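User: I would like to go through this model carefully, from the whole fold down to single side chains. Could you take my questions one at a time?

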Amino acid sequence: MNETKQIKAGALLSYFGVAINILAGLLYTPWMVRQIGQSDYGLYTLATSVTAFFLMDFGISGAISRLISRYRAQGREDEVKNILGLTYKMYLVIDGLIFLALFIIFLFMQNIFVRLSAAEIEKFRIVFVMVGFYSLLSFPFIPLNSILTSYEKFTALKGFDIFSKLLSISLVCSVLFLGLGLYALVLTNCLSAIVIIVLKLIYLKRSVHIKINFKFKDKKMLLNIFSFSIWATIISVAARLIINISPSILGMFSGAIQISVFSYGASLEGYTWMLANALNGLLLPKVTRITVQENNPEKITSLMIKVGRIQLLIIGLVAVGLITMGKEFIILLMGENFANSYYVALCLILPGVVTMTQDVAYNYLVAMNEIKWRALDYIGASVISILLSLLLTPKFGAVGAGVAAGIGIVIGHVIVMNVIYHRVFHLDIPRFFKECHLKLALPMILTAAVAVLLQVLFPVHSLILFFVKAVAVGAVYVLLMGLIGLNSFEKQLFLGPVMKIGNAIKAKFGKRSS
């Protein structure tokens, strides 16, 4: 399968996987919370957020993906086994350091999370051990996705993601139906993830035939990886200090209930991020080729606009729906106890209307080995977010944490980062906003006006009626985008497959009638 077909197939599977994740969030998560209770859900979220803070690849997988893509673009396939051998040894060393960090947290958790009750601390200890053990076991296998991406095995990569989610949901539903509770939920999530790792290893062995040279040593290559990974590590740490650390701060000042409120709002942001980033990893090899062969900022800007508009078409509908109908939806789905999750989601998602449409620009920094600029930006955003969170969380709980994170993202990622893209890397950011956001703004505003009118005229008290209203708003959005938003390429992209199916059906029935 050639590159274009792989990207298209990968994109379709990405969006299918995103649809599964969103449906799981809408149907499965509320049911799971009711089964285990809001407090236990908060403890589970806290355990995963604490381990996730340490369970980062420190930029090594990004370095692997960049170097493998570069070697393949240069026809140096023989270098791949060496880079993999070098980086896997680094992963094993880091895994040991992560174990020490998690062990220290385990010893002193009652002194860290002082707002948790004695009973909650005991539960948290068990969940933390289970999640931590799985995290340490799975950490060395983080590069598997980077290898699949670099070899443009997008169909397999997205297929594994879909199967992983379906397997996890089915196992968790089974244990919760049996009334086995929180610990069984955590255990089945871990086991399903381990199964996926094994399947990826089998697939790579059979399809890519990669060999790993564990004996390889090269100080120059090691420095090359470190020069990239140290900045990627800073990005990973700083990103976690913006959102992932919020449950920990809430655990210090507000307790498990506020953690659950923040976490549900953050999960809605996560679904939006998945929608926007379905194309992201698929584009790195292409951006790398443009950079290696031409290094043309104008071409990167054009690709940024092309992809950004498609991402904005999706994010725009989410943003319009969230602003106008989000609170009603959350209360109907999760109950009044989660009403403040609406404000958390607003603070986290609205800045993404800009940041989630600029993944091509970030891939350009990766290909140029210039992600230090992104790292410095993340440091500033995280410092702002943490300071504001420490000020706002004790009084305003989850909403305070959401506001703090939102302000940090706007100042850092929306304002500062776009100045860097434009001034340092000569991407035509004014053209990007004009062609992408400005030209799609009118149909979004008109759809929002229709949604507000429906909310005023038809308040509802059931999810079925809400979804009828949401479908009506979605139909208005699609109609307005088709009439005044989409360009000719996008119309062909979205309408082309529909027309092909229609022509095939017409031809089939035409033959029968004749």
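The questions and answers below concern a predicted model.

User: How many helices and how many strands does the secondary structure of the protein come to?
Analyst: Since this is a predicted model, the counts describe the prediction. Buried residues make up 51% of the 514 residues, and among contacts between residues at least 6 apart in sequence, 85% join residues at least 24 apart. The secondary structure itself comes to 20 helices and 0 strands.

User: At which residue does α17 bend, and by about what angle?
Analyst: Helix α17 runs over residues 372-423 and has 52 residues, for which a straight helix would reach 76 Å at 1.5 Å a residue. Its end C-alpha atoms, however, are only 15 Å apart. A bend is found within this helix, and its place and angle are F396 and about 155°.

User: How are α4 and α5 oriented to each other, roughly parallel or roughly antiparallel?
Analyst: Two packed helices are described by the angle between their axes and the distance between the axes. For α4 and α5, the axes come within 11 Å and cross at roughly 180°. The residues that meet include D95, I98, F99 and L102 in α4, with I121, F124, R125 and F128 among those in α5. Angles over 145 degrees count as roughly antiparallel, and therefore α4 and α5 are roughly antiparallel.

User: Which residue has its backbone oxygen 3.1 Å from a polar atom of the side chain of R125?
Analyst: R125 is placed in helix α5, residues 118-138. Leaving aside neighbours within four places in sequence, R125 is in contact with F106, M109 and Q110. The backbone oxygen that lies 3.1 Å from a polar atom of the R125 side chain belongs to F106.

User: How far apart in space are R115 and S254, C-alpha to C-alpha?
Analyst: R115 sits in the loop between α4 and α5, and this residue is partly exposed, with a relative accessible area of 46%. Not counting residues up to four places away in sequence, R115 touches E120, G251, M252, F253, S254 and G255. R115 and S254 are 139 residues apart in sequence, and their C-alpha to C-alpha separation is 6.5 Å.

User: What separates the C-alpha atoms of L250 and A401?
Analyst: L250 belongs to helix α10, residues 246-253, and counts as buried because its relative accessibility is 0%. Beyond four places in sequence, the residues touched by L250 include G255, Q258, I259, F262, T393, G397, A398 and A401. L250 and A401 are 151 residues apart along the chain, and their C-alpha atoms are separated by 7.9 Å.

Note on methods: Residues numbered from 1 in each chain as written. Predicted model: local features only at pLDDT ≥ 70, side-chain atom pairs only at ≥ 80, totals over all residues. Heavy atoms only, no water. Helix = DSSP H or I, 4+ residues; strand = E, 2+ residues; numbered from the N terminus. Expected span 1.5 Å × (residues − 1). Bend = angle between axes of the 7 residues up to and from the residue. Polar contact = N/O pair within 3.5 Å; in protein donor to acceptor, adjacent residues only side chain to side chain. Contact = heavy atoms within 4.5 Å. Buried < 20%, exposed > 50% of the residue type's maximum accessible area, 1.4 Å probe, protein only. Axes fitted to C-alpha atoms, helices over the stretch in contact; angles between N-to-C directions. Parallel < 35°, antiparallel > 145°, perpendicular 65-115°, else oblique.
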